[in-house]
Protein chains: 4
Amino acid sequence: MAITGVMRAGAVQIRVTEMGPALRHYKDILGLLQTAEGSDGRVYLKAWDEHDHHSVVLREAESPGMDHMGFKVSDNAALDDFERRLEDSGVTVTRIPEGQDEATGERLQFVVPTGHTIELYAEMEQVGNGMSLDNPEVWPDDLKGMKPTRFDHCLLYGDDLDGTVRLLTEVLGFHIAEQIVTPDRQTMIGAFLTAATKPHDVAFIRSPEKDRFHHASFFIESWHDIQVCADLIAKHRVPLDIGPTRHGITRGGTIYFFDPSGNRNETFCGGYIFYPDRPALTWTEDDIGRAIFYYDRKLNENFLSVTT
Amino acid sequence: MAITGVMRAGAVQIRVTEMGPALRHYKDILGLLQTAEGSDGRVYLKAWDEHDHHSVVLREAESPGMDHMGFKVSDNAALDDFERRLEDSGVTVTRIPEGQDEATGERLQFVVPTGHTIELYAEMEQVGNGMSLDNPEVWPDDLKGMKPTRFDHCLLYGDDLDGTVRLLTEVLGFHIAEQIVTPDRQTMIGAFLTAATKPHDVAFIRSPEKDRFHHASFFIESWHDIQVCADLIAKHRVPLDIGPTRHGITRGGTIYFFDPSGNRNETFCGGYIFYPDRPALTWTEDDIGRAIFYYDRKLNENFLSVTT
Amino acid sequence: MAITGVMRAGAVQIRVTEMGPALRHYKDILGLLQTAEGSDGRVYLKAWDEHDHHSVVLREAESPGMDHMGFKVSDNAALDDFERRLEDSGVTVTRIPEGQDEATGERLQFVVPTGHTIELYAEMEQVGNGMSLDNPEVWPDDLKGMKPTRFDHCLLYGDDLDGTVRLLTEVLGFHIAEQIVTPDRQTMIGAFLTAATKPHDVAFIRSPEKDRFHHASFFIESWHDIQVCADLIAKHRVPLDIGPTRHGITRGGTIYFFDPSGNRNETFCGGYIFYPDRPALTWTEDDIGRAIFYYDRKLNENFLSVTT
Amino acid sequence: MAITGVMRAGAVQIRVTEMGPALRHYKDILGLLQTAEGSDGRVYLKAWDEHDHHSVVLREAESPGMDHMGFKVSDNAALDDFERRLEDSGVTVTRIPEGQDEATGERLQFVVPTGHTIELYAEMEQVGNGMSLDNPEVWPDDLKGMKPTRFDHCLLYGDDLDGTVRLLTEVLGFHIAEQIVTPDRQTMIGAFLTAATKPHDVAFIRSPEKDRFHHASFFIESWHDIQVCADLIAKHRVPLDIGPTRHGITRGGTIYFFDPSGNRNETFCGGYIFYPDRPALTWTEDDIGRAIFYYDRKLNENFLSVTT
């Protein structure tokens with residue numbers, strides 16, 4: 001088997017301060033599809049081309065932010081293997097039984113040095129992408145809004161960047177696709193980490209406070225669709241952060257906006273295909289503007305300061 | 001490490017009947033970059049976003065066609081492992097020493113049951129994608145023609161489809177992303193096989209004769225670029241096979257055309273991301289028109305009959 | 001006033017053999033908006049960015065085809081002026097009183113030498129484009145299907161091409177933007193005529209029979225949208241004629257398909273802006289393939305033979 | 001003839017502080033084609049799909065800005081007619097003889113109430129669009145940079161907006177396609193004026209100082225090309241003003257940037273087709289953010305303050 005261990009960013013649980021407006025945002029504007037509502041009020045959503053039951057879970061809470069981010073691994077043997085390797089490296093792992101999340105098998109849960117709660121799981125019920133497995137069409141009917149094809153990645157802010165990057169690369173098998181370093185190259189400021197071939201499945205930026213959530217990103221098919229996203233953002237008076245623009249890092253087209261609770265979302269297109277033999281790219285902090293927003297060549301004031 | 005074993009379709013050696021017109025086609029119109037000319041007259045080319053030394057080798061010969069297709073594996077340990085597994089499964093493997101191809105390490109060479117010569121290699125000199133590894137731009141200057149980012153896959157025709165598919169899946173770790181079967185589902189007619197996350201790295205169609213070459217495909221970034229390809233094909237009077245159109249299989253945008261020797265090329269965009277847990281799709285032969293050319297919903301007369 | 005006389009192709013009345021399937025086609029798939037149903041059963045439709053009450057009228061009849069095509073002129077003075085000029089040139093003009101068509105003022109009706117019934121009108125009730133005239137959005141909500149912005153032009157086949165072209169240019173003020181001629185340049189085979197700045201508002205091809213209808217065309221915003229049209233055509237099993245492709249004439253992106261009665265439709269994007277000082281382009285019949293289908297560089301078998 | 005009087009924005013003369021860097025910008029990055037250099041050092045440029053000899057004239061001077069903007073009229077009779085009408089309305093008109101500008105016939109020159117020098121001309125030598133008038137291709141070879149198809153419009157700032165708008169609409173036959181007014185609708189703040197069917201050929205914003213130049217705009221074919229423009233701006237470190245974004249006014253896609261002398265340029269795509277019966281759109285000043293930058297929904301600090 002060519003892809004083993006962690007396959008991809010599979011799920012994110014996001015706190016929203018009011019479920020009603022959040023659902024209008026995530027379903028009608030972003031265009032995710034609701035697959036379940038738990039007895040505890042959590043709502044499960046997926047992007048249309050995902051076969052798994054869900055990739056986004058919304059939980060109503062007093063403050064916005066990310067509860068945890070989940071990565072799907074290749075099978076239960078990989079899950080067992082990661083449990084051992086995490087514990088061997090000194091990480092406390094909680095094994096959550098099957099069924100605590102809708103349609104989800106056992107999960108390993110642990111906290112990385114930047115303070116974020118990460119989960120690994122191997123099994124989730126598959127509900128399909130709305131099309132037959134026999135002689136399908138190319139997209140299903142009745143899609144709404146921005147029509148992302150998948151949950152793509154998260155960007156997270158936290159203090160012990162070195163520790164988290166070491167854990168993800170040495171224990172969990174991630175690769176650094178790109179990094180931001182201080183001009184003297186002594187200190188890593190940001191790391192863009194991939195589990196397989198996407199330019200990133202998760203990224204981390206060094207920042208004083210633990211466990212901060214910068215954004216969850218959803219993949220769309222083209223730069224044309226970035227314009228459609230921007231049109232929808234404007235038509236629906238969704239708070240825009242920045243975009244349409246392009247990242248130097250990943251080369252992806254992007255637009256950032258906020259859900260009604262203040263969590264940042266991204267829709268993202270393009271980017272290259274990563275393989276383990278592709279050399280990592282390094283950006284120096286003096287060029288961080290181009291790294292993050294290739295067109296503006298400077299950060300906007302929100303980028304470093306607004307997280308949830 | 002998350003991706004092990006075969007990583008991707010890495011190289012293809014194509015026979016051309018006259019090198020001059022072939023180079024004008026592959027360099028000026030398709031837009032590959034020449035990286036070397038061997039002392040034996042073979043010419044080495046790459047697509048711009050590939051870091052490896054080459055992905056296409058042209059060899060002047062009396063008749064067109066494909067000499068062999070190469071897959072890059074994760075490391076030399078994987079190469080050794082594949083050698084054992086291939087031999088255990090009864091395949092005769094030739095180990096070609098480093099340096100027989102420019103900039104290339106040791107290669108395993110063997111013939112699959114459909115008659116095609118396949119190579120595996122772990123090492124190739126990296127020449128980069130024309131941009132710095134530090135603070136790069138998003139594309140290099142002075143690109144020409146169709147500007148493909150990578151060699152993507154080949155489609156090959158041959159007789160013992162079952163044997164080749166068994167070898168690639170059971171010994172080499174490929175996955176079937178999509179397949180075409182007879183209406184009674186008893187016989188596989190086509191298989192689209194992926195090494196990692198592309199919808200296919202190589203595909204095979206059952207056909208009476210061994211070792212036939214249908215096309216080599218090059219990835220471009222968008223449907224917009226398919227139009228640019230079509231414009232260039234028309235402006236330069238390149239023989240068009242079919243397109244712009246879309247495949248049902250892979251969902252990719254496509255245009256097929258011929259090099260001056262009669263080898264079919266494709267430029268291809270889009271398609272989904274494959275993971276090992278994504279269910280395989282099955283097309284029945286009665287719907288093969290939609291499978292291959294989703295818009296026309298019928299094969300053109302060339303598709304089954306013209307190979308090299 | 002800078003644009004006077006004929007402003008544009010404004011309306012076309014098409015015969016359909018069954019209204020139900022026709023409405024599903026024109027409303028749900030093509031994406032026109034119904035604005036009225038007449039007491040005589042005719043149904044009035046418009047494209048979303050047209051302000052006038054309608055641009056397409058469907059009439060149930062025993063055989064498909066075009067009843068008449070209407071051009072909107074700048075004002076009633078122009079209408080009176082055209083009546084005089086048509087009569088002076090020997091054309092019999094019928095003045096149809098206001099209200100015979102829904103929401104439409106007086107019309108002049110006459111038959112051109114190729115046998116087609118043409119109408120001129122200066123007044124039609126405006127119903128708007130679904131957005132406010134104050135502080136509007138960039139597109140209205142709830143659009144369906146291919147979302148054309150406007151009815152763009154018709155292509156008509158008939159015998160006395162010279163007579164019709166003379167009438168349209170000398171009496172009605174059209175310009176020839178492009179023409180197809182025999183290789184000896186003695187005979188015009190096709191004429192693409194513009195009233196203002198579009199590459200064509202109406203085109204005629206010489207053909208033995210009078211009053212044949214080749215297609216009605218609807219404008220969409222981009223080549224990206226041509227792919228969406230093609231997807232919808234395939235998903236809904238609409239009979240495809242040809243495309244996605246590009247015309248040499250007009251340079252427009254195009255896809256041709258058939259309504260359930262067998263009338264050909266086109267969606268069309270791009271093309272240049274025409275001004276009266278832009279030189280007319282001439283295509284010779286030996287290059288008619290590139291003129292009509294720039295990518296295939298040959299006519300498909302339907303182009304000359306299938307009309308309604 | 002359907003289009004009479006003023007046909008279009010045809011030419012603009014821009015002052016640059018150093019010709020060398022200006023030419024690198026306008027030719028290599030923007031992608032205009034040089035057609036002549038005058039004996040007085042002025043350089044004449046055109047966009048590729050314009051048939052006239054030039055649309056941009058660069059003049060080296062001590063300070064940047066616009067010398068004058070020229071509109072092409074339908075013929076010399078129209079020129080004579082406009083001369084009479086301008087003089088009747090109290091405007092002083094200078095008739096500049098043929099040949100003072102390269103390849104250009106007689107011109108009428110006059111100053112409008114906002115202080116800008118406007119020219120009208122009927123004749124300019126045609127040099128073609130780089131393709132044959134017989135059996136042409138769809139675009140010429142060897143285009144560079146952003147590849148605009150035409151000079152599209154200018155936005156000008158000045159004090160007596162009412163006077164200029166009155167002159168352009170009442171004497172020169174322009175239409176107001178869109179306007180910005182104070183919330184009480186008593187005062188016009190901006191006017192977007194069209195000569196024929198573009199959403200604007202010239203626009204004016206009320207501002208205290210006379211004769212200020214906001215930008216010259218060049219038309220590109222699609223939103224995809226806006227991204228290419230943005231890539232080129234970033235790669236060549238061209239000062240970016242804002243974009244990629246979209247205007248509410250005209251609905252056009254846009255990016256603003258500066259030439260080396262500080263003159264603002266725009267590349268622009270999309271927009272609707274205007275006809276004289278299309279209702280004018282009105283934006284109120286409290287919504288001016290959406291009017292100008294539909295996505296950001298607020299002006300950037302440059303928009304009102306930076307002109308040349």
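## Sheet and salt bridges in a predicted model

In chain B, helix α3 (residues 161–171) lies across strands β10 (175–181), β11 (188–194) and β12 (202–206), and it runs at about 20° to β11(B). The model is predicted.

These strands belong to an open, mixed sheet of nine strands in chain B, ordered β14-β15-β16-β13-β9-β12-β11-β10-β17. Its edges are β14 (240–246) and β17 (281–284) of chain B, each of which pairs on one side only. From one strand to the next the twist averages 15°. Within the sheet, β13 (residues 212–219) and β16 (residues 264–269) of chain B pair in the parallel sense over four bridges. B:A216 has B:N265 as its bridge partner in β16(B).

Over all chains, the whole structure holds 124 salt bridges. Three of them are listed here.

| Salt bridge | N to O distance |
|---|---|
| C:D101 and C:R42 | 2.9 Å |
| D:D49 and C:R251 | 2.6 Å |
| C:R278 and D:D49 | 3.1 Å |

The side chains of C:D101 and C:R42 meet in a salt bridge. This pair links distant parts of the chain, 59 residues apart: C:D101 is in the loop between β6 (94–96) and β7 (107–111) of chain C, and C:R42 in the loop between β2 (33–37) and β3 (43–46) of chain C. C:D101 is buried at 6% relative accessible area, and C:R42 is buried at 8%.

D:D49 forms a salt bridge with C:R251. D:D49 lies in the loop between β3 (43–46) and β4 (56–60) of chain D and C:R251 in the loop between β14 (240–246) and β15 (253–258) of chain C, so the pair joins two chains. D:D49 also bridges to C:R278, and both of these residues are buried.

In chain A, a network of salt bridges links A:D40, A:R42, A:D101, A:R107 and A:E119.

Note on methods: Residues numbered from 1 in each chain as written. Chains lettered and ligands numbered in written order. Predicted model: local features only at pLDDT ≥ 70, side-chain atom pairs only at ≥ 80, totals over all residues. Heavy atoms only, no water. Pairing = 2+ DSSP bridges. Axes fitted to C-alpha atoms, helices over the stretch in contact; angles between N-to-C directions. Contact = heavy atoms within 4.5 Å. Salt bridge = Lys/Arg side-chain N within 4 Å of Asp/Glu carboxyl O. Buried < 20%, exposed > 50% of the residue type's maximum accessible area, 1.4 Å probe, protein only.
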